[in-house]
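Student: I have not seen this structure before. Could we go through it by question and answer?

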Amino acid sequence: RGRGRGMSKEPKILIVGAGPCGLGAAVRLSELGYSNWLLVDAFSGPGGLAATWEDAEGFKWDVGGHVIFSHYKYFDDVLD
């Protein structure tokens, strides 16, 4: 959750999903000085569908995009 910069303590911007797009929105809003946002996701951690799931037998299943190729420094810096 963003904070500070004299804005209301109650979030006015809701970002649904902590996948790449939701995380990107949160980063960009922070860069622009917004702090009255709230990021929510159904899962306990970030990544959205870019995840690996382990089943009961210990087999790992990759879900979503794991490899991202980019030629844009800004995008690469956000991911780092």
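Student: What share of the accessible surface of the chain belongs to carbon and sulfur atoms?
Tutor: Keep in mind that this is a predicted model. The accessible surface of the chain comes to about 6,400 Å². The share of it that belongs to carbon and sulfur atoms is 60%.

Student: Which residues make the nonpolar surface patch?
Tutor: The patch covers about 470 Å². One of its members sits in strand β4, residues 60–63, and has 48% relative accessibility, so that residue, tryptophan 61, counts as partly exposed.

Student: In what order do the elements of the chain run from the N terminus?
Tutor: The secondary structure amounts to 2 helices and 4 strands. Read from the N terminus, the order is β-α-β-β-β-α.

Student: In which sense do strands β1 and β2 pair?
Tutor: Strand β1 spans residues 13–16 and strand β2 spans residues 37–40. Isoleucine 13 has tryptophan 37 as its bridge partner in β2, and valine 16 has valine 40. Over 4 bridges, the sense of the pairing is parallel.

Student: What is the handedness of the β-α-β crossover from β1 to β2?
Tutor: Between β1 and β2 the chain passes through helix α1, residues 20–31. The crossover made this way is right-handed.

Student: Is leucine 29 buried or exposed?
Tutor: Leucine 29 belongs to helix α1. Buried means under 20% relative accessible area. The value for leucine 29 is 16%, so this residue is buried.

Student: Which residues does leucine 29 contact, leaving aside its neighbours within four places in sequence?
Tutor: Isoleucine 13 is 16 residues away from leucine 29 in sequence, and their C-alpha atoms are 9.5 Å apart. Contact is judged on heavy atoms within 4.5 Å, and isoleucine 13 is among the contacts of leucine 29. With those sequence neighbours set aside, the contacts are Ile13, Ile15, Tyr34 and Trp37.

Student: What percentage of the 80 residues of the chain count as buried?
Tutor: Leucine 29 is one example of a buried residue. Taken over the 80 residues of the chain, the buried share is 20%.

Student: Why are arginine 28 and glutamate 31 separated by about one helical turn?
Tutor: Their side chains meet in a salt bridge, 3.0 Å from N to O. Arginine 28 has a relative accessible area of 41% and glutamate 31 has 42%, so glutamate 31 is partly exposed. The separation is about one helical turn because the two lie in helix α1 and are 3 residues apart.

Student: How far apart are the closest N and O atoms of lysine 73 and aspartate 77?
Tutor: Both residues lie in helix α2, residues 73–79, and are 4 residues apart, about one turn of the helix. Lysine 73 is exposed at 59% relative accessibility, while aspartate 77 is partly exposed at 41%. The two form a salt bridge, and the closest N and O atoms are apart by 2.8 Å.

Student: Which residue forms a salt bridge with lysine 60?
Tutor: The whole structure holds 3 salt bridges. With the closest N and O atoms 3.3 Å apart, the partner of lysine 60 is glutamate 54.

Note on methods: Residues are numbered from 1 along each chain as its sequence is written. This is a predicted model: local features need pLDDT of at least 70, side-chain atom pairs count only at pLDDT 80 or more; totals for chains, interfaces and linings use all residues. Side-chain values use heavy atoms; hydrogens and water are left out. Two strands pair if DSSP finds at least two bridges between them. A crossover is right-handed if, with the strands pointing away from the viewer, the path from the first strand over the helix to the second runs clockwise. Patches are made of residues with over 30% relative accessible area and no salt bridge: like charges are joined within 9 Å, nonpolar side chains (Val, Leu, Ile, Met, Phe, Trp, Tyr) within 5 Å. Accessible areas come from the Shrake-Rupley method with a 1.4 Å probe; for residues, only the protein chains shown count as cover. A salt bridge is a side-chain nitrogen of Lys or Arg within 4 Å of a carboxyl oxygen of Asp or Glu. Buried means under 20% relative accessible area, exposed over 50%, partly exposed in between (1.4 Å probe, protein chains only).
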